[in-house]
Amino acid sequence: MSDTVKLLSLAVATPEHVITQKEAAETSARLFSSRFKDFSHLASVFENSGIQKRYAARPLEWFIEPHGWQDRMEAYGEVARSLFFETATNALKQVGLQGRDVDCIVTVSSTGIATPSLDAQLAQKIGFRSDIERVPVFGLGCAAGVSGFAIASRFARERPGSTVLFVTIELCTLAFRLDELTRANIIATALFGDGAAACVLRAGPHGKAEVESTGEHLFPDTLGIMGWKIDDTGFGVVLAQSLPPFAEAELGPAVDGILARNGLSRRDIDRFICHPGGARVLTALESALSLDAGKLDHERAVLAEYGNMSSPTILFVLERVLKAGLPPRSAMVAMGPGFTASCVTLKRVA
């Protein structure tokens, strides 16, 4: 028990700018309704998304003007560095640690590109040692909150006593496209927000939760369900209409397989902690995992207040579950590009 990996701390943060769903709907109608004939059929997604507001890297006025790669990546660099510093230092402070105490840092983000990576850019400011191991991960999308957490936990398990910092940052709103007259772009405009989270992991006797198992499932022939297309303007969202029904049909067996490989079954899980991709996705998840309707209450609360922030979102949910009282065994579940399902089981620490 003392050598198992523990979650020691968790910190979350958002950018300063707030966009209400009413503002997002009105602005989108002004920008798209005269140019995109199908907009009127899609406008209801703003009301039915389960979102009341979200946070953004830039004020609403910024998104009304056209932007290219340089504008978007300059905004990403500025805001991502700020959120990285805030979440990382807060997570360390919660357990009385400083940057020099970190042995390995895993950073996930799929909404911007930074080279040198964010951890290197902030190494001196945070106080990381020169021998720190850095693991920046790109491309896991919405699943990265769980997949990255799993990667960080494996580093901690293989190096008992080492302190591993996991940071996840996504600035989804910077991918908003004025030029994309597509269903996927309108839905993304209604769903996505920005946020970040960080946590400290270490093998040892104490912590908020024990990391019990990790696993993933890569579905064949599903590359077109979710991802980015990349052109001169920036990222453009790929989001298939089939996602909710696919999740409802396929997620349950995938999660069962991951659990079985770790000697567990769904009956052993007291609470599923799920990435709230959207209202329809949450309904599909409840069906796929044989949960009562409305069971994913913390997920809906996070979705309403923050929107879908991609990878950090599930750690916002985990924060609420921890505050409410972690049950004996939980399973964090998220889906992302690939198409992939990722799962981590957590046990309550006595």
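1. Strand E11 (residues 271-274) pairs with strand E12 in the parallel sense over four bridges. Within this pairing, Ile273 has Met332 of E12 as its bridge partner. Strands pair here if DSSP finds at least two bridges between them; helices (H or I, at least four residues) and strands (E, at least two) are DSSP runs, numbered from the N terminus.

2. The model is predicted: local features need pLDDT of at least 70, side-chain atom pairs count only at pLDDT 80 or more, and totals for chains, interfaces and linings use all residues. Residues are numbered from 1 along each chain as its sequence is written, and side-chain values use heavy atoms, with hydrogens and water left out.

3. E12 also pairs with strand E13 (residues 340-348), in the antiparallel sense and over eight bridges. Arg329 stands opposite Lys347 in E13. The two strands, E12 and E13, form a hairpin with three residues between them, and Gly338 in the turn has a positive phi of about 145°.

4. E12 spans residues 329-336, and eight of its eight residues are buried (under 20% relative accessible area; exposed is over 50%, partly exposed in between; 1.4 Å probe, protein chains only). Arg329, Ala331, Val333 and Met335 point one way from the strand, while Ser330, Met332, Ala334 and Gly336 point the other way. In a regular strand, side chains alternate between the two faces of the sheet.

5. Ser153 lies in helix H7 (residues 144-158). Ser153 is buried, at a relative accessible area of 4%. Leaving aside residues up to four places away in sequence, Ser153 touches Val5, Leu201, Val211 and Thr214 (contact means heavy atoms within 4.5 Å).
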